Amino acid sequence: MELKNVISEKLVFFLDVRDTDELFETMATSLQEKGLVKSSYLQAIKQREKEFPTGLATEQFGVALPHTDAEHVNEEAISIGILRQPVTFQHMGMGVQDVEVKLVFMLALQKPENQLEVLQTVMSLIQNKAFMEAVTKCTSEKEVIDTVLNFTEVSVSNNK
Amino acid sequence: MKKLLIMCGTGIATSTVVTGKVRDWLKDNNLEDKVQLFQSKITDELNRLDDYDIVVSTTLVPDNVRDKVIDGVPLLTGFGTEEMYGKILELINS
């Protein structure tokens, strides 16, 4: 499976939210309304983020990859959130550390063996400075998807 | 043959990325025959970490097992990967 199969303009959000709860509610509710996740997904995302935070610091600004167990997911999808005001997440991994997040990839995932390519693409995008700058300057949902796809092609061809 | 466990909170997202990268690294360094890879979620593994020779985690682990676990986050951010691979290599050769 490739990234282009799981993203869409309808799953892109420009958000002005105060905290992670409000962020998760907006993005998860939309996934649920489209039938992509179950009603248990939102609560599971919140709980999971508390136990195992998903913020990641990059050179420019923080990114978060909220996700939860496959049992809450109907169909694989990735929702993209561009935050007008940064929201504080905890950093993934060993230490306790705050990260100011401006870009969110909310993952609705099922089998790990199917999604290595998708996840590797997301990881290479967030390590790409030009992508990170470009994506936060987008002003429409279509522009965000086009930017993701353009940079996906570049990073895939660079890896070959 | 060393047993290497890679774990995260769900066992489906970040551990998938880290497992993919470690597999490529083992291949590039001709270490595939020396290491068997396992991928899982932290809650399934905490009670049996001693079954593995090497443990890499992308998520926080309890203090009592902290010494046994290598932080896998560098493979997600790109910062500090050499140091992380150095620790794994040391354990493979020990």
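In chain B, four strands make an open sheet with parallel pairing, in the order β2-β1-β3-β4. Strands β2 and β4 (69-71) of chain B are at the edges with a single partner strand each, so one side of each has no neighbour in the sheet. From one strand to the next the twist averages 25°. This is a predicted model, in which local features need pLDDT of at least 70 and side-chain atom pairs count only at pLDDT 80 or more, while totals for chains, interfaces and linings use all residues. Residues are numbered from 1 along each chain as its sequence is written, chains are lettered from A and ligands numbered from 1 in the order in which they are written, and side-chain values use heavy atoms, with hydrogens and water left out.

Helices (H or I, at least four residues) and strands (E, at least two) are DSSP runs numbered from the N terminus, and two strands pair if DSSP finds at least two bridges between them. Strand β1 (residues 2-8) of chain B pairs in the parallel sense with β2 (residues 35-41) of chain B over seven bridges, and with β3 (residues 54-57) of chain B over four bridges. L4(B) stands opposite L37(B) in β2(B), and its bridge partner in β3(B) is I54(B). Six of the seven residues of β1(B) are buried, where buried means under 20% relative accessible area, exposed over 50%, and partly exposed in between (1.4 Å probe, protein chains only).

Three bridges join β3(B) to β4(B) in the parallel sense, with V55(B) opposite V69(B) in β4(B). Helix α1(B) packs on the sheet and touches β1, β2 and β3 of chain B, its direction making about 175° with that of β2(B). Helix α4 (residues 81-93) of chain B also packs on the sheet, touching β1, β2, β3 and β4 of chain B, at about 155° to the direction of β4(B). Axes are lines fitted to C-alpha atoms, for helices over the stretch in contact, and angles run from 0 to 180 degrees between N-to-C directions; contact means heavy atoms within 4.5 Å.

Chain A has an open sheet of five strands in the order β1-β4-β5-β3-β2, with mixed pairing. Its edge strands are β1 (12-15) and β2 (55-56) of chain A, each with a single partner strand, so one side of each is left without a neighbour in the sheet. Strands β4 (residues 77-90) and β5 (residues 98-108) of chain A run antiparallel and are joined by 10 bridges; A77(A) stands opposite A108(A) in β5(A).

Helix α3 (residues 112-126) of chain A lies across β2, β3 (62-64), β4 and β5 of chain A at about 155° to β5(A). Its buried residues include V118(A), L119(A) and V122(A). Helix α4 (residues 129-137) of chain A lies across β3, β4 and β5 of chain A, at about 85° to β5(A).

The buried residues of α2(A) include Y41(A), L42(A) and I45(A); their cover includes α1 (20-33), β2, β4 and β5 of chain A. T54(A) is in the loop between α2 (41-51) and β2 of chain A and counts as buried, because its relative accessibility is 0%. Leaving aside neighbours within four places in sequence, its contacts include R48(A), V63(A) and F89(A). E153(A), in helix α5 (residues 141-159) of chain A, counts as exposed at 57% relative accessibility.
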